[in-house]
Amino acid sequence: MKGFDFEEERIKQEISKLNAKRVLLQLPEGLKPEAPRLAKIIEKTGALPLVSADPCYGACDIATSEAESLGIDLILHFGHAKLLKHEKVPTVYIEARATVTVDAAVEQALQLLAKYSKIGLATTVQHVQTLDAVRELLVRAGKVVVVGDAGRVIYPGQVMGCDFSNVKSIAHDVEAFLFVGGGKFHALGVALATSKPTIVADPYDNTAYSVDVEAKKILKQRWASIEEATHAKTFGVLISLKPGQKHIEEALKIKEDIEKMDKTAYLFAIREILPEVILEFPTVDAYVNTACPRISLDDASKFRKPVLTVNEFRVVSGESSWENTVKKGLFEN
Ligand code: SF4
């Protein structure tokens with residue numbers, strides 16, 4: 001696959017450093033087609049490659065249980081920067097930096113940013129290496145540019161699907177954000193987390209567009225889900241089995257809070273939160289999702305029941321107002 005750096009030489013070095021005999025490859029959906037080619041490279045080192053075919057959406061989802069049960073010596077996790085403090089099985093992160101140039105997309109974005117003079121920059125780990133060049137393009141166009149450096153993510157300006165601390169830390173200092181990267185997922189997160197106009201510069205299509213209308217639509221939809229959940233009598237509290245998404249204590253506290261509201265709560269252990277799984281429990285009226293919060297927001301139209309984030313549940317329980325929740329963030333801790 002052109003356009004990404006899979007660091008093949010480093011992969012070989014890491015395998016030899018650990019003298020790994022069995023290697024588990026874990027790739028997010030967009031990069032999975034590369035798995036057979038990478039497996040071949042690993043096989044040539046003398047190690048046995050196994051490809052995890054399960055979905056993988058983030059570095060919160062390292063396949064440690066699978067690795068333990070398969071006797072894996074090394075997990076190669078592609079496409080994300082390190083997130084967990086400790087991994088139970090040795091894990092090497094191959095961030096798969098994009099090699100596409102971003103200039104043409106940024107030039108287009110500048111037209112949409114014409115009325116703003118102070119711009120915040122954001123991107124994913126795939127493009128963090130381009131931020132200096134993007135800053136320069138914007139400065140040359142007369143803009144003041146701010147890049148946040150806060151929170152648990154590794155690189156300045158980097159955002160993750162559920163961590164927008166970098167953009168939140170500078171939201172007061174800018175009039176709009178420019179997100180460099182493909183797709184709307186992260187840019188919508190920037191818009192929702194900061195309530196600022198957000199423009200995407202997509203270097204894969206060389207296009208630029210705003211996500212503001214869509215962010216407003218999501219907000220409306222979230223409010224509707226919260227409203228519906230206030231009438232629920234029975235709640236399901238979802239606990240993820242993925243290592244970086246497992247929040248048992250938080251789920252127990254939510255169960256207690258629901259019971260204090262004189263309602264019923266059940267705990268559900270779950271790996272993939274899918275609409276068909278939710279349908280299996282018709283007596284449950286609404287869910288509180290302690291796993292990946294973006295599932296609640298991005299897949300809302302697929303679920304027949306409200307699936308609230310923890311912060312949204314705080315509105316139902318009366319601990320927070322809708323306005324404060326929007327300000328604090330619908331889905332961030
Ligand atoms: S919890 Fe969700 S948004 Fe956060 S890193 Fe994991 S998959 Fe991405």
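Reader: Which residues surround the ligand?

Author: This is a predicted model. In it, the ligand is surrounded by Y57, G58, C60, M160, G161, C162, Q245, C292 and R294. Sorted by class, that shell has five nonpolar, three polar and one charged residues.

Reader: Into which domains is the protein divided?

Author: The division gives domain 1 (4–96), domain 2 (103–210) and domain 3 (216–328).

Reader: How should I read the contact between domain 1 and domain 2, and how many residues of each take part?

Author: In general, the size of an interface is often given as the accessible area lost when the parts come together. For this pair I can give residue counts: six residues of domain 1 are in contact with five residues of domain 2. On the domain 1 side of that contact, two residues are nonpolar, two are polar and two are charged. The C-alpha centres of domain 1 and domain 2 lie 29 Å apart.

Reader: How do I describe the packing of helix α7 and helix α8, and at what angle do they pack?

Author: Two packed helices are described by the angle between their axes and the distance between the axes. Here α7 (residues 185–194) and α8 (residues 212–230) pack at an angle of about 65°, and their axes are 9 Å apart. The crossing of α7 and α8 is right-handed.

Reader: Which residues of α7 and α8 meet?

Author: From α7 come L188, A191 and L192, which meet D212, E214, A215 and I218 of α8. The residues of this contact divide into five nonpolar, no polar and two charged.

Reader: What is the strand order in the open sheet of four strands?

Author: The order is β13-β12-β14-β15, and the pairing is parallel. Strands β13 (264–270) and β15 (307–309) each have a single partner strand and stand at the edges, so one side of each is left without a neighbour in the sheet. From one strand to the next, the twist averages 30°.

Reader: How many bridges join β12 to β14, and which residue in β14 is the bridge partner of F235?

Author: Strand β12 (residues 234–240) and strand β14 (residues 286–289) run parallel and are joined by four bridges. The bridge partner of F235 in β14 is A286.

Reader: Across which strands does helix α9 lie?

Author: Helix α9 (residues 248–260) lies across β12, β13 and β14. Relative to β12, α9 runs at about 175°.

Note on methods:
Residues numbered from 1 in each chain as written. Predicted model: local features only at pLDDT ≥ 70, side-chain atom pairs only at ≥ 80, totals over all residues. Pairing = 2+ DSSP bridges. Helix = DSSP H or I, 4+ residues; strand = E, 2+ residues; numbered from the N terminus. Axes fitted to C-alpha atoms, helices over the stretch in contact; angles between N-to-C directions. Contact = placed C-beta atoms within 7 Å. Domains from an automatic or database assignment. Nonpolar A, V, L, I, M, F, W, Y, C, P; charged D, E, K, R; others polar. Near = placed C-beta within 6 Å. Left-handed = near helix turned anticlockwise from the far one by under 90°.
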